[in-house]
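This report describes one protein chain from its local features to its overall form. Please consult the sequence and the structure alongside the text.

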Amino acid sequence: MKLSMMGFCGADDSVDPRLLAAISARYDWVEWGVLFRDDKQGQPRFATFEWIEDLKTVNEDKRMGLAGHLCSKYAIDLLKGDASFVRKMHEEHGFTRFQLNATAANNVDSSQLGAEGADALRRVAEELPGCEFILQANDETEVLWKPLLASSPPANLSFLFDESKGLGVVAASYPPPPPEGVRFGYTGGLGPKNIGVQMGKMQSAAGDREIWVDMESSLRTKLEGGQDIFDVYKAMACIRVAIEMGLKPGK
(Lines give C-alpha, C1' and ligand atoms only; values in the text may rest on other atoms or scores of the structure.)
Protein backbone atom coordinates (compact mmCIF):
# COMPACT_ATOMS: atom_id res chain seq x y z
CA MET A 1 0.00 0.00 0.00
CA LYS A 2 1.12 3.51 -0.80
CA LEU A 3 -0.10 6.52 1.17
CA SER A 4 -0.62 9.62 -0.98
CA MET A 5 -1.74 11.93 1.80
CA MET A 6 -3.07 12.18 5.33
CA GLY A 7 -6.04 14.48 5.85
CA PHE A 8 -6.89 16.32 9.06
CA CYS A 9 -10.39 17.79 8.96
CA GLY A 10 -12.01 20.41 11.16
CA ALA A 11 -9.33 23.11 11.12
CA ASP A 12 -11.00 26.19 12.61
CA ASP A 13 -10.46 29.47 14.44
CA SER A 14 -8.83 27.67 17.38
CA VAL A 15 -5.61 27.13 15.39
CA ASP A 16 -3.44 29.71 13.67
CA PRO A 17 -3.18 29.03 9.91
CA ARG A 18 0.53 29.87 10.16
CA LEU A 19 1.06 26.79 12.29
CA LEU A 20 -0.70 24.65 9.69
CA ALA A 21 1.45 26.23 6.97
CA ALA A 22 4.62 25.41 8.90
CA ILE A 23 3.63 21.74 9.13
CA SER A 24 2.69 21.69 5.44
CA ALA A 25 6.09 23.13 4.51
CA ARG A 26 7.81 20.19 6.22
CA TYR A 27 5.30 17.47 5.28
CA ASP A 28 3.81 18.33 1.89
CA TRP A 29 1.68 15.19 1.96
CA VAL A 30 -0.49 16.59 4.77
CA GLU A 31 -3.92 17.99 3.85
CA TRP A 32 -6.00 20.32 6.01
CA GLY A 33 -9.75 19.91 5.74
CA VAL A 34 -12.07 22.89 6.25
CA LEU A 35 -15.74 22.18 6.87
CA PHE A 36 -18.34 24.36 5.17
CA ARG A 37 -21.85 24.21 6.59
CA ASP A 38 -24.05 27.31 6.44
CA ASP A 39 -25.94 26.67 9.70
CA LYS A 40 -22.80 25.97 11.76
CA GLN A 41 -20.09 28.26 10.38
CA GLY A 42 -18.16 29.77 13.29
CA GLN A 43 -18.85 26.90 15.69
CA PRO A 44 -16.07 24.46 16.69
CA ARG A 45 -14.89 22.48 13.61
CA PHE A 46 -16.47 25.08 11.29
CA ALA A 47 -14.09 27.96 10.63
CA THR A 48 -15.39 31.49 10.24
CA PHE A 49 -14.95 33.11 6.86
CA GLU A 50 -12.64 35.63 8.55
CA TRP A 51 -10.34 32.75 9.48
CA ILE A 52 -10.60 31.39 5.94
CA GLU A 53 -9.53 34.79 4.59
CA ASP A 54 -6.52 34.69 6.93
CA LEU A 55 -5.74 31.21 5.60
CA LYS A 56 -5.89 32.63 2.08
CA THR A 57 -3.27 35.22 3.01
CA VAL A 58 -1.02 32.60 4.62
CA ASN A 59 -1.44 30.32 1.60
CA GLU A 60 -0.70 33.06 -0.91
CA ASP A 61 1.64 30.77 -2.86
CA LYS A 62 -1.06 28.06 -2.82
CA ARG A 63 1.33 25.34 -1.70
CA MET A 64 -0.66 24.03 1.25
CA GLY A 65 -2.80 20.94 0.79
CA LEU A 66 -6.35 22.19 1.39
CA ALA A 67 -9.65 20.34 1.07
CA GLY A 68 -13.11 21.84 1.38
CA HIS A 69 -15.54 19.46 3.05
CA LEU A 70 -18.97 20.50 1.77
CA CYS A 71 -22.00 19.94 3.97
CA SER A 72 -25.64 21.05 3.90
CA LYS A 73 -26.30 23.83 1.36
CA TYR A 74 -22.78 23.70 -0.09
CA ALA A 75 -23.07 20.00 -0.94
CA ILE A 76 -26.63 20.36 -2.23
CA ASP A 77 -25.72 23.29 -4.48
CA LEU A 78 -22.85 21.35 -6.02
CA LEU A 79 -25.03 18.31 -6.59
CA LYS A 80 -27.44 20.59 -8.45
CA GLY A 81 -24.63 21.70 -10.74
CA ASP A 82 -23.75 25.03 -9.08
CA ALA A 83 -19.95 25.14 -8.91
CA SER A 84 -19.58 28.86 -8.12
CA PHE A 85 -18.51 28.39 -4.48
CA VAL A 86 -16.07 25.62 -5.32
CA ARG A 87 -14.58 27.66 -8.15
CA LYS A 88 -14.04 30.63 -5.82
CA MET A 89 -12.39 28.52 -3.11
CA HIS A 90 -10.14 26.92 -5.71
CA GLU A 91 -9.12 29.99 -7.66
CA GLU A 92 -8.88 32.50 -4.81
CA HIS A 93 -7.95 30.40 -1.78
CA GLY A 94 -6.00 27.48 -3.21
CA PHE A 95 -8.30 24.60 -2.27
CA THR A 96 -7.65 21.70 -4.63
CA ARG A 97 -9.93 18.96 -3.31
CA PHE A 98 -13.61 19.07 -2.39
CA GLN A 99 -15.39 16.36 -0.44
CA LEU A 100 -19.16 16.04 -0.63
CA ASN A 101 -20.58 15.03 2.73
CA ALA A 102 -23.98 14.10 1.35
CA THR A 103 -25.40 12.37 4.43
CA ALA A 104 -28.16 13.08 6.93
CA ALA A 105 -25.55 13.84 9.62
CA ASN A 106 -24.40 16.68 7.38
CA ASN A 107 -27.93 17.95 6.68
CA VAL A 108 -28.23 16.37 3.22
CA ASP A 109 -30.87 13.89 2.08
CA SER A 110 -28.98 12.22 -0.75
CA SER A 111 -31.98 10.00 -1.57
CA GLN A 112 -33.72 13.09 -2.93
CA LEU A 113 -30.87 13.81 -5.36
CA GLY A 114 -30.83 10.54 -7.29
CA ALA A 115 -29.34 10.16 -10.74
CA GLU A 116 -29.63 13.91 -11.33
CA GLY A 117 -27.12 14.55 -8.54
CA ALA A 118 -24.65 12.03 -9.95
CA ASP A 119 -24.98 13.54 -13.42
CA ALA A 120 -24.49 17.07 -12.08
CA LEU A 121 -21.37 16.02 -10.18
CA ARG A 122 -19.93 14.47 -13.31
CA ARG A 123 -20.52 17.71 -15.23
CA VAL A 124 -18.92 19.82 -12.51
CA ALA A 125 -15.88 17.52 -12.36
CA GLU A 126 -15.45 17.81 -16.12
CA GLU A 127 -15.91 21.58 -15.92
CA LEU A 128 -13.20 21.96 -13.24
CA PRO A 129 -10.40 19.52 -14.16
CA GLY A 130 -7.97 21.28 -11.80
CA CYS A 131 -10.04 20.21 -8.78
CA GLU A 132 -10.51 16.75 -7.32
CA PHE A 133 -13.99 15.83 -6.10
CA ILE A 134 -14.49 13.23 -3.38
CA LEU A 135 -17.68 11.31 -2.69
CA GLN A 136 -18.27 9.64 0.64
CA ALA A 137 -19.02 6.05 -0.31
CA ASN A 138 -21.39 4.31 2.09
CA ASP A 139 -24.85 2.76 2.03
CA GLU A 140 -26.54 6.14 2.53
CA THR A 141 -24.88 7.67 -0.54
CA GLU A 142 -25.18 4.66 -2.88
CA VAL A 143 -27.59 6.54 -5.13
CA LEU A 144 -24.72 8.92 -5.97
CA TRP A 145 -21.51 6.93 -5.97
CA LYS A 146 -22.54 3.56 -7.38
CA PRO A 147 -23.75 4.91 -10.77
CA LEU A 148 -20.62 7.03 -11.09
CA LEU A 149 -18.27 4.19 -10.20
CA ALA A 150 -20.02 1.87 -12.64
CA SER A 151 -19.76 4.24 -15.59
CA SER A 152 -16.10 5.27 -15.93
CA PRO A 153 -15.94 8.19 -13.48
CA PRO A 154 -13.95 11.30 -14.45
CA ALA A 155 -10.26 11.08 -13.55
CA ASN A 156 -10.71 13.83 -10.94
CA LEU A 157 -13.53 12.04 -9.10
CA SER A 158 -12.48 9.96 -6.09
CA PHE A 159 -14.24 7.82 -3.50
CA LEU A 160 -13.80 7.86 0.27
CA PHE A 161 -15.03 4.66 1.89
CA ASP A 162 -16.69 5.76 5.13
CA GLU A 163 -19.37 3.54 6.59
CA SER A 164 -19.26 5.64 9.77
CA LYS A 165 -20.86 8.43 7.69
CA GLY A 166 -18.71 11.03 9.38
CA LEU A 167 -19.70 9.96 12.90
CA GLY A 168 -16.24 8.75 13.93
CA VAL A 169 -17.05 5.03 14.22
CA VAL A 170 -13.93 2.85 13.88
CA ALA A 171 -14.08 0.35 11.01
CA ALA A 172 -13.50 -3.33 11.80
CA SER A 173 -12.33 -3.87 8.21
CA TYR A 174 -12.13 -2.01 4.92
CA PRO A 175 -13.71 -2.71 1.53
CA PRO A 176 -11.60 -3.81 -1.45
CA PRO A 177 -10.33 -1.15 -3.86
CA PRO A 178 -12.41 0.15 -6.77
CA PRO A 179 -11.20 -0.62 -10.33
CA GLU A 180 -7.66 0.34 -11.32
CA GLY A 181 -7.29 4.01 -12.12
CA VAL A 182 -9.97 5.15 -9.66
CA ARG A 183 -8.58 7.08 -6.67
CA PHE A 184 -9.89 6.16 -3.24
CA GLY A 185 -9.33 6.57 0.47
CA TYR A 186 -10.42 5.22 3.84
CA THR A 187 -11.73 6.90 6.97
CA GLY A 188 -13.87 6.23 10.01
CA GLY A 189 -12.84 6.81 13.62
CA LEU A 190 -9.16 7.24 12.83
CA GLY A 191 -6.88 9.04 15.26
CA PRO A 192 -3.53 8.96 17.06
CA LYS A 193 -4.56 6.07 19.31
CA ASN A 194 -5.40 3.66 16.47
CA ILE A 195 -3.95 4.97 13.20
CA GLY A 196 -1.14 2.41 13.11
CA VAL A 197 -3.42 -0.59 13.66
CA GLN A 198 -6.05 0.74 11.25
CA MET A 199 -3.54 1.45 8.48
CA GLY A 200 -2.35 -2.14 8.90
CA LYS A 201 -5.92 -3.26 8.17
CA MET A 202 -6.03 -0.90 5.20
CA GLN A 203 -2.89 -2.49 3.81
CA SER A 204 -4.61 -5.88 3.88
CA ALA A 205 -7.56 -4.47 1.93
CA ALA A 206 -5.75 -2.16 -0.50
CA GLY A 207 -2.84 -4.40 -1.47
CA ASP A 208 -0.39 -2.43 -3.60
CA ARG A 209 -2.84 0.40 -4.38
CA GLU A 210 -2.38 4.03 -3.36
CA ILE A 211 -4.80 5.48 -0.81
CA TRP A 212 -5.29 8.50 1.40
CA VAL A 213 -6.71 8.60 4.92
CA ASP A 214 -8.78 11.26 6.62
CA MET A 215 -9.85 11.97 10.21
CA GLU A 216 -11.75 14.56 12.20
CA SER A 217 -13.36 13.79 15.58
CA SER A 218 -10.21 12.39 17.20
CA LEU A 219 -8.32 15.64 16.56
CA ARG A 220 -10.41 17.63 19.04
CA THR A 221 -9.32 18.50 22.57
CA LYS A 222 -11.46 20.18 25.22
CA LEU A 223 -9.59 22.63 27.43
CA GLU A 224 -10.34 23.20 31.11
CA GLY A 225 -12.43 26.23 30.28
CA GLY A 226 -14.57 24.13 27.93
CA GLN A 227 -13.08 25.40 24.67
CA ASP A 228 -13.17 22.77 21.92
CA ILE A 229 -9.98 23.11 19.86
CA PHE A 230 -8.35 21.60 16.78
CA ASP A 231 -5.30 19.90 18.33
CA VAL A 232 -2.28 19.95 16.02
CA TYR A 233 -0.34 17.81 18.50
CA LYS A 234 -2.74 14.96 17.72
CA ALA A 235 -2.25 15.54 14.00
CA MET A 236 1.51 15.42 14.48
CA ALA A 237 1.20 12.12 16.34
CA CYS A 238 -0.50 10.60 13.29
CA ILE A 239 2.12 12.07 10.96
CA ARG A 240 4.86 10.40 13.02
CA VAL A 241 3.12 7.02 12.81
CA ALA A 242 2.95 7.23 9.00
CA ILE A 243 6.69 7.99 8.92
CA GLU A 244 7.56 5.22 11.39
CA MET A 245 5.58 2.72 9.30
CA GLY A 246 7.62 3.71 6.25
CA LEU A 247 4.55 4.95 4.39
CA LYS A 248 5.86 8.52 4.03
CA PRO A 249 9.30 10.15 4.24
CA GLY A 250 10.26 12.57 7.00
CA LYS A 251 11.69 12.86 10.48
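Ala104 is found in the loop that runs between β4 (97-100) and α5 (114-127), where helices (H or I, at least four residues) and strands (E, at least two) are DSSP runs numbered from the N terminus. With a relative accessible area of 57%, Ala104 is exposed; here buried means under 20% relative accessible area, exposed over 50%, and partly exposed in between (1.4 Å probe, protein chains only). Ala104 and Glu31 are 73 residues apart along the chain, and their C-alpha atoms are separated by 25 Å.

The model is a predicted one, in which local features need pLDDT of at least 70 and side-chain atom pairs count only at pLDDT 80 or more, whereas totals for chains, interfaces and linings use all residues. Residues are numbered from 1 along each chain as its sequence is written, and side-chain values use heavy atoms, with hydrogens and water left out.

**Overall form**

The chain has eight helices and 10 strands. Its radius of gyration is 17 Å, close to the 18 Å that the globule rule gives for 251 residues, so the chain is as compact as a globular protein of that length. This radius is taken over C-alpha atoms, and the globule rule is 2.2 Å times the number of residues to the power 0.38. Along the principal axes, the C-alpha atoms fill a box of roughly 45 × 40 × 35 Å.

Of the 251 residues in the chain, 54% are buried. The accessible surface comes to about 11000 Å², and carbon and sulfur atoms account for 51% of this area; the areas come from the Shrake-Rupley method with a 1.4 Å probe, and for residues only the protein chains shown count as cover. Among contacts (heavy atoms within 4.5 Å) between residues at least 6 apart in sequence, 77% join residues at least 24 apart.

**Charges and salt bridges**

The chain carries 28 positive and 36 negative charges, whose mean positions are 4 Å apart. Lys and Arg count as positive and Asp and Glu as negative, while His and the chain ends are not counted. Each charge is placed at NZ of Lys, CZ of Arg, CG of Asp or CD of Glu.

A salt bridge is a side-chain nitrogen of Lys or Arg within 4 Å of a carboxyl oxygen of Asp or Glu, and the count by this rule comes to 15. The table gives pairs from among them.

| Salt bridge | N to O distance |
|---|---|
| Arg37 and Asp39 | 2.7 Å |
| Glu142 and Lys146 | 3.5 Å |
| Arg183 and Glu210 | 3.8 Å |

Arg183 is partly exposed at a relative accessible area of 27%, and Glu210 is partly exposed at 41%. Salt bridges with shared partners join Glu31, Arg97, Glu132, Arg183 and Glu210 into one network.

Glu142 and Lys146 are four residues apart in helix α6 (residues 142-149), and they are therefore separated by about one helical turn. Glu142 is partly exposed, with a relative accessible area of 34%, and Lys146 is partly exposed at 41%.

**Backbone angles**

Most residues other than glycine have a negative phi. Lys62 lies in the loop between α2 (49-58) and β3 (65-70) and is partly exposed, at 42% relative accessibility.

Ser72 is likewise not a glycine, and its phi is positive at about 45 degrees. Ser72 belongs to helix α3 (residues 72-79) and counts as buried, at 4% relative accessibility.

His93 is placed in helix α4 (residues 84-93). Is His93 buried or exposed? With a relative accessible area of 1%, His93 is buried. Apart from neighbours within four places in sequence, the residues in contact with His93 are Ile52, Glu53, Lys56, Asn59, Leu66 and Lys88.
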